2 protein chains.
Amino acid sequence: MPKSGKIPKATITRLSIYDRQLELLEFDGYRVVSSEKLAWLCQVNSAQVRKDLGYFGEFGIRGVGYDVIDLQAQIKEILAINRNWNLGMVGIGKLGSALIQHHNFSARGFKCVAAFDNAPDKIGKRHPSGLMIRNIDELREAVRELDVEIGVITTPASAAQRVADLLLEAHVNAILNFSPTRIRVPECCLVEHIDFTVMLDVLVYKFHHEARGMLADRAMSRIAIEEQAH
Amino acid sequence: MPKSGKIPKATITRLSIYDRQLELLEFDGYRVVSSEKLAWLCQVNSAQVRKDLGYFGEFGIRGVGYDVIDLQAQIKEILAINRNWNLGMVGIGKLGSALIQHHNFSARGFKCVAAFDNAPDKIGKRHPSGLMIRNIDELREAVRELDVEIGVITTPASAAQRVADLLLEAHVNAILNFSPTRIRVPECCLVEHIDFTVMLDVLVYKFHHEARGMLADRAMSRIAIEEQAH
């Protein structure tokens, strides 16, 4: 395995996507897949697939393709998802509640083992998933007791930094942040931000500036073709 | 405005983040902010802030900083979020239901105007948000009637491609996809994928390969310091 610092984040993201498509291929009965087919399924080009995998060694057989099961195992090992990870969800509002039960987390080996909130009417109640909602003040003990490895923040923005600080104090050094703010953590802690509205902004920017241009280009070329035809 | 094709997606993402921090600064009563402070709030370096804004022109006054209100207005115009956008949510399970009511969408000018599902027990019912849940078969008419501009897919993976095809037929050319699969669309359509578990995979990879290294480095340097001290 190479020095991980040199691997682009986009490569890691794509490895995760390749893994999902390989699972689907296995489910559909495929044993071998070409880089072209895997690339098409993942909406990238095949040179990209080969380059991404090339960071980690030699996979597949030239002219034949990749073994669907072997490559999955290799990618899962690279990504360190060849075991389960324990999540602690902080903020059991509508979004947090929906995420706890999101079958995709558990299907991918991310198991929500603890739920926290600070609202007195929620604390001590059992969530529909079966988890007891705990007082955020008990985070430190619960993290140790239940071996929480990753904190998921689904609180409003105003509470996110405080929650991040509590997670750090409890030695949870990996955070998935759904709250619409940037949280500040020391270098030893890793954060991934999932801010839906930032992604909507990016989508709208592209739609406004690029797609309309493409649609206009298309309309123009159609006019040009029609003019030639006359 | 430059040719939008040349602007990195990461720049667009950061502009959206700058905009949020500028809103918070305005709320806190600031009228001017330095690129250093804005950078610190957004967890980037100040050269990055200046470079990102530099794609779009001259903002701010050297040695003084940016006008908090002006810069917001400029960024909102660049991102085309200086008006509201209408969303149509497809798949009203737990996640879709939570997202419809997610105050951040409406706070940022993204208004959910239509909700669709294919489950007979949901169709025709009123969602807690007040929206009537419509039959997915009525998508085309509803898109026209309600002027849906962006489709949000929150169905299981197995239904996502069919929903994307229906959105395209209804001339919805911008899609935010929360389903854990890649959907295939023609070039005139734009898709942003939000796959939580892909982001967890990336987090776990970094945690496993980088953070542990950092923690180990730190432990090693502490040992070295302690050894020197003896």
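This report describes a predicted model, covering the relation between its chains, the sheet of chain B and a helix pair of chain A.

## Relation between the two chains

Chain A is superposed on chain B by a rotation of 180° with 0.0 Å of shift along the axis, and the RMSD is 0.0 Å. The two copies are thus related as by a two-fold rotation axis.

The interface is consistent between the copies: 100% of the interface residues of chain A are also interface residues in chain B, so the copies meet through the same surface.

## The sheet of chain B

In chain B, six strands form an open sheet with parallel pairing, and their order is 5-4-3-6-7-8. Strand 5 and strand 8 (190-193) of chain B are the edge strands, each of which pairs on one side only. On average, neighbouring strands of this sheet are turned by 30° against each other, with direction ignored.

Helix 8 (residues 157-169) of chain B packs on the sheet, where it touches strand 3, strand 6 (150-153) and strand 7 of chain B. The direction of helix 8 makes about 170° with that of strand 6 of chain B.

## Strand pairings in chain B

Strand 4 (residues 110-117) of chain B has seven of its eight residues buried, so this strand is largely enclosed by the rest of the structure. Strand 4 of chain B pairs in the parallel sense with strand 3 (residues 85-90) of chain B over six bridges; within this pairing, Lys111(B) in strand 4 is the bridge partner of Asn86(B). Strand 4 of chain B also pairs in the parallel sense with strand 5 (residues 133-135) of chain B, over three bridges. Here Phe116(B) has Arg134(B) in strand 5 as its bridge partner.

Towards the strand 8 edge, strand 7 (residues 174-177) of chain B and strand 8 of chain B are joined in the parallel sense over four bridges. In this pairing, the bridge partner of Leu176(B) is Glu192(B) of strand 8.

## A helix pair in chain A

Helix 1 (residues 9-27) and helix 4 (residues 68-79) of chain A pack with their axes 9 Å apart, at an angle of about 145°. The crossing of these two helices of chain A is left-handed.

Residues of helix 1 in this contact include Ile12(A), Leu15(A), Tyr18(A), Asp19(A) and Leu22(A), while those of helix 4 include Val68(A), Leu71(A), Gln72(A), Ile75(A) and Lys76(A). The residues of the contact between helix 1 and helix 4 of chain A comprise eleven nonpolar, two polar and four charged.

Conventions: Residues are numbered from 1 along each chain as its sequence is written. Chains are lettered from A and ligands numbered from 1 in the order in which they are written. This is a predicted model: local features need pLDDT of at least 70, side-chain atom pairs count only at pLDDT 80 or more; totals for chains, interfaces and linings use all residues. Side-chain values use heavy atoms; hydrogens and water are left out. Axes are lines fitted to C-alpha atoms, for helices over the stretch in contact, and angles run from 0 to 180 degrees between N-to-C directions. A crossing is left-handed if the near helix is turned anticlockwise from the far one by less than a right angle, and right-handed if clockwise. Contact means heavy atoms within 4.5 Å. Ala, Val, Leu, Ile, Met, Phe, Trp, Tyr, Cys and Pro count as nonpolar, Asp, Glu, Lys and Arg as charged, and the others, Gly among them, as polar. Copies are superposed by least squares on the C-alpha atoms of residues with pLDDT of at least 70 in both. Buried means under 20% relative accessible area, exposed over 50%, partly exposed in between (1.4 Å probe, protein chains only). Two strands pair if DSSP finds at least two bridges between them.
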